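My notes follow in the order I looked things up.

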Amino acid sequence: MVKICCIGAGYVGGPTMAVIALKCPAIEVVVVDISKPRIEAWNSDQLPIYEPGLDDVVKQCRGRNLFFSTDVEKHVAEADIIFVSVNTPTKTRGLGAGKAADLTYWESAARMIADVSKSDKIVVEKSTVPVKTAEAIEKILTHNSKGINYQILSNPEFLAEGTAIEDLFKPDRVLIGGRETPEGRKAVQALKDVYAHWVPEDRILTTNLWSAELSKLAANAFLAQRISSVNAISALCEATGANVSEVAYAVGKDSRIGPKFLNASVGFGGSCFQKDILNLVYICECNGLPEVSNYWKQVIKINDYQKSRFVNRVVSSMFNTVAGKKIAVLGFAFKKDTGDTRETPAIDVCKGLLGDKAQISIYDPQVTEDQIQRDLAMNKFDWDHPMHLQPTSPSAVKQVSVVWDAYEATKGAHGLCILTEWDEFKTLDYQKIFDNMQKPAFVFDGRNIVDGEKLREIGFIVYSIGKPLDAWLKDMPAVA
């Protein structure tokens, strides 16, 4: 009987362990976290994260071979395999601030493992970490080993939020990196045996430690790069009258390129893309590779450019001022089917509009008012540090109201910005919305999900990213 313990009950630890418990009924799986409210939520009917299919999996296993506990030390001491999926935020101060990963939480987890362990352990890196973290962890464990043997493995997470359970059931690949020693290979095999309960053998890849750590950063950098590539083209499409959807479709038809991740939008978000690329940039700089680091920096620069370009469009279309005007924002999460707002483009867009003194009314089907107010009051990178280190209940931003339906958000508004591609926004009654808005009424579609022609027939002035511009917009400067 193998016992698995996972430190960190977040977006990665929770779903991953729930699926392991479901697929391996003979293995006892315990998820531990120092946050009492978070563990209580995992043990309740209202789980702390929204993920399609997660509820079913947790309810099937919880109390049978899946447990959630705040008794971190007890379960770590008893476990054979310990997954560590704690936050690795971007440093906000000190050496490498704004780029390097902050490994404080990782290090304290490692020291705690060394303190409480009485038997040999396999320690698995699950959080996204910079290359060479495993080596640092290994040093901490071996220098405090008291004769206990530790094997470090890297098993990076390739989940996409919104489809995490599906991704865990049928992964493209499971990557396990370990030391190329007899003990290292044995540890890799032990973890492989866990995944082999439901993942076909040919999808479980084994590499050395550094390759596994770097593969995760590289995979996210490549995905983000595709989004920035199509977003860069979208700006050119608007300038020339081309249609980015047609261009992306034509490009994606090349089987070497493929159609995925070619939707132009207001920008990418999520907890990993920006963080991982900044990390990659920092590692390149530390290894004396400025040309490589500058190359990857551009991916983030284009993403920032895309967000500020969107704000400029909104402001310049409305006679170059949004001061005192009500603007409806539909969608705040960084993509549909998740309540996650980390690094969502909506934060920068809303801050840009607030900077010009707009009144904003926000509706998102999954994000709470408390979360939105916190995001808008927070400094960059703060979101990834623990709650008690974040600003205490921030003074709510007065020009922001959060409402619970799209019609309420748009009532009396001058403009409407779609910032998340929730399916329900495609089927809204836009005639009703138009009738209740100030005229001229504007729609700024940051996700290209509405039918621009239909909206123009209703009477809206429409801006869709990378699409030919309305006559109205052509006369307005592209950069305010």
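**Salt bridges.** I began with the rule I count by: a salt bridge is a side-chain nitrogen of Lys or Arg within 4 Å of a carboxyl oxygen of Asp or Glu. I also noted that I am working on a predicted model. By that rule I get 28 salt bridges.

I looked up Glu453 and Arg456 to begin with. Their side chains meet in a salt bridge at 2.9 Å, N to O, so the pair falls within the 4 Å cut-off. Both sit in helix α17 (residues 452-458), and because they are three residues apart, about one helical turn separates them. I wrote a reminder beside this: an α-helix has 3.6 residues a turn, so residues three or four places apart point the same way. Arg456 is partly exposed, at 26% relative accessibility.

Asp304 and Lys307 were next on my list. Their salt bridge spans 3.6 Å, N to O, and both residues belong to helix α12, three apart, again about one turn of the helix. Is each partner buried or exposed, or in between? I found Asp304 partly exposed, with 32% relative accessible area, whereas Lys307 is buried at 5%.

Then I checked Glu285 and Lys297, which meet in a salt bridge at 3.4 Å, N to O. This pair links distant parts of the chain: Glu285 is in helix α11 (residues 273-286) and Lys297 in helix α12, 12 residues apart. Both are partly exposed, Glu285 at 28% relative accessibility and Lys297 at 26%.

I also found a network of salt bridges that links Lys3, Glu28, Lys74 and Glu78.

**The nonpolar core.** Which residues touch the most other members of the largest nonpolar core? I got Phe310, Leu353, Tyr430 and Phe460, out of 64 residues in that core. Helix α13 (residues 345-355) gives the most to this core, with six residues. A second, separate core has 40 residues, including Ile176, Val188, Trp198 and Val199.

I picked Phe310 and listed what it touches beyond four places in sequence. Among its contacts are Val266, Val349, Cys417, Leu419, Phe444 and Ile465.

Next I went along α13 itself. Its buried residues are Pro345, Ala346, Ile347, Val349, Cys350, Leu353 and Leu354. What covers them includes α12 (290-317), β9, β10 (359-363), α14 (369-377), β11 and β12 (415-418).

I followed one of those covering elements, strand β11 (residues 400-402), where I found Val400. Val400 is buried, at 7% relative accessible area. Leaving out residues up to four places away in sequence, Val400 touches Leu354, Ile360, Ile362, Gln373 and Leu376.

**The loop between β9 and α13.** I stopped at Thr338, which lies in this loop. Thr338 is buried, at 0% relative accessibility. A polar atom of the Thr338 side chain lies 3.0 Å from the backbone nitrogen of Asp340.

Asp337 is partly exposed at 27%, but Glu343 counts as buried at 13%. Just after α13, Lys357 takes a positive phi of about 70°.

**A cis bond.** The bond from Lys439 to Pro440 is cis, with omega near -5°. Pro440 is in the loop between α16 (430-435) and β13 (442-445).

**A surface patch.** My last entry is about the outside. Ile233, Val247, Val251 and Ile257 form a nonpolar patch there, with about 260 Å² of accessible area together. Ile233 lies in helix α9 (residues 209-240) and is partly exposed, at 38% relative accessibility.

Technical notes: Residues are numbered from 1 along each chain as its sequence is written. This is a predicted model: local features need pLDDT of at least 70, side-chain atom pairs count only at pLDDT 80 or more; totals for chains, interfaces and linings use all residues. Side-chain values use heavy atoms; hydrogens and water are left out. A nonpolar core is a set of buried Ala, Val, Leu, Ile, Met, Phe, Trp, Tyr and Cys residues joined through side-chain atoms within 4.5 Å. Buried means under 20% relative accessible area, exposed over 50%, partly exposed in between (1.4 Å probe, protein chains only). Helices (H or I, at least four residues) and strands (E, at least two) are DSSP runs, numbered from the N terminus. Contact means heavy atoms within 4.5 Å. A polar contact is a pair of N or O atoms within 3.5 Å; within protein, one must be able to donate a hydrogen and the other to accept it, and residues adjacent in sequence count only if both atoms are side-chain atoms. Patches are made of residues with over 30% relative accessible area and no salt bridge: like charges are joined within 9 Å, nonpolar side chains (Val, Leu, Ile, Met, Phe, Trp, Tyr) within 5 Å. Accessible areas come from the Shrake-Rupley method with a 1.4 Å probe; for residues, only the protein chains shown count as cover.
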